[in-house]
Amino acid sequence: MAKIKNSMPVSGTDKGDKPGSLPYIWKRLKKNPGAITGLVFVVLLFVLSFISPFICRYDYQEIVMKSRFTLPGMDHLLGCDEVGRDILSRILYGAKYTLSIGVLSVAVSCVLGVILGSIAGYFGGTVDTLIMRFLDVFQAFPNILLAIAISAVLGAGFDKVIYAIGISGVPNFARMMRANILTVRGSEFIEAATSINCTTLRIIIHHVIPNAISPLIVQVAMGIASAALAASGLSFLGFGVQAPTPEWGAMLASARGYMRDYPHMVIIPGIFIMLTVLSFNLVGDAIRDALDPKLKD
């Protein structure tokens, strides 16, 4: 008797779209209009920030005193600041700094947090206690206050802000990584790797971290929003990127003396900060939902 071939369609999961994989996350992400809107806004802002020198009508640092305090109109879509610089050009060019600080500072937090959390969670005992108590000292201070203190020591500047915000965010990533590794450490595949004499470093890098890092994706998306907001706050307080660099927080700081008479100088950078933070939060929420095993299609 001839064998009947199985003609049943192969499901998306059989194709490799397993829960937690990138294709699966993207599939779930596409079904969330808010996440797609936020993702499009962030990507568009990234692209415009890098091509702004070629598409903007005015140079972001060109001073035209006769255009001081120009209101939004046809010549200057978002108006001009206190020395006649085009606000639209400065917003688009400054997006490069705000978004770069957010991404790079979270990268610093994530790398350091993963390393410390992996060591603490895998080895446990005295090593775990020492690392966690050390991080408790950092976590005793609010993140923004710790970032201000680090910035005061390192000084103001683009790279200094990245280190300040990145270091202040390490405890959150380390604690989450440690908690994930504690659930993975006793798994059978870890015992199998140990039984064939895999080195501790190889086990941590190739087996422990890849299986414990998925929840950090959500933390990264949320962290970028918080870091971008913290960067604007530091610049507003004078500890971040300094004028005349058109970082959004620095633009708010320079315009606060004119907010009663010319509120557009404050409102416009504030709206862009709000939309950027909201976009990252929407994407982070959607990724969290995609990684939640309790939520199914």
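Cysteine 80 has a relative accessible area of 0% in this predicted model, and because buried means under 20% relative accessible area, cysteine 80 counts as buried. Cysteine 110, at 16% relative accessibility, is likewise counted as buried. A disulfide is a covalent bond between the sulfur atoms of two cysteines. The count of disulfides in the model comes to zero. For cysteine 80, which is in no disulfide, the nearest cysteine sulfur belongs to cysteine 56 and lies 12 Å away.

| Residue | Relative accessible area |
|---|---|
| Cysteine 80 | 0% |
| Cysteine 110 | 16% |
| Phenylalanine 69 | 13% |
| Serine 151 | 2% |
| Aspartate 128 | 10% |

Phenylalanine 69 sits in the loop between helix H2 (33-55) and H3, and although phenylalanine 69 is not a glycine, its phi is positive, at about 60°. This residue counts as buried, with 13% relative accessibility.

Serine 151 belongs to helix H5 (residues 143-154), where its relative accessible area of 2% makes it a buried residue. Once the neighbours within four places in sequence are set aside, the contacts of serine 151 are with Ala156, Ala164, Leu234 and Phe239. Isoleucine 162 lies 11 residues from serine 151 in sequence, and the two are 9.4 Å apart in space when taken from C-alpha to C-alpha.

Aspartate 128 is placed in helix H4 (residues 125-139) and is buried, with a relative accessible area of 10%. Leaving out neighbours within four places in sequence, aspartate 128 is in contact with Ala120 and Arg178.

Two packed helices are described by the angle between their axes and the distance between the axes. For helix H3 (residues 87-123) and helix H12 (residues 264-291), the packing angle is about 35° and the axes are 11 Å apart, with a crossing that is right-handed. On the H3 side the contact is made by Ile87, Ile91 and Leu99, which meet His264, Met265, Ile268, Pro269, Phe272, Thr276 and Phe280 in H12. Sorted by class, this contact of H3 with H12 holds eight nonpolar residues, two polar residues and no charged residues.

Taken as a whole, the protein chain has 12 helices and zero strands. Its C-alpha atoms fill a box of roughly 85 × 60 × 30 Å along the principal axes, and of the 297 residues in the protein chain, 42% are buried. Among the contacts in the protein chain with a separation of 6 or more, 70% are between residues 24 or more positions apart.

The confidence values also deserve a careful reading. The protein chain averages a pLDDT of 82, and 90% of the residues score at least 70. Among the elements of the protein chain, H3 has the highest mean pLDDT, at 90, whereas helix H1 (residues 22-29) has the lowest, at 74. Over residues 1-16 the pLDDT stays under 50, and for this stretch the model has four contacts beyond four places in sequence. Where pLDDT is low, the predicted coordinates should not be read in detail.

Definitions and conventions: Residues are numbered from 1 along each chain as its sequence is written. This is a predicted model: local features need pLDDT of at least 70, side-chain atom pairs count only at pLDDT 80 or more; totals for chains, interfaces and linings use all residues. Side-chain values use heavy atoms; hydrogens and water are left out. Axes are lines fitted to C-alpha atoms, for helices over the stretch in contact, and angles run from 0 to 180 degrees between N-to-C directions. Helices (H or I, at least four residues) and strands (E, at least two) are DSSP runs, numbered from the N terminus. A crossing is left-handed if the near helix is turned anticlockwise from the far one by less than a right angle, and right-handed if clockwise. Contact means heavy atoms within 4.5 Å. Ala, Val, Leu, Ile, Met, Phe, Trp, Tyr, Cys and Pro count as nonpolar, Asp, Glu, Lys and Arg as charged, and the others, Gly among them, as polar. A disulfide is a pair of cysteine sulfur atoms within 2.5 Å. Buried means under 20% relative accessible area, exposed over 50%, partly exposed in between (1.4 Å probe, protein chains only). pLDDT is the predictor's confidence in each residue, from 0 to 100.
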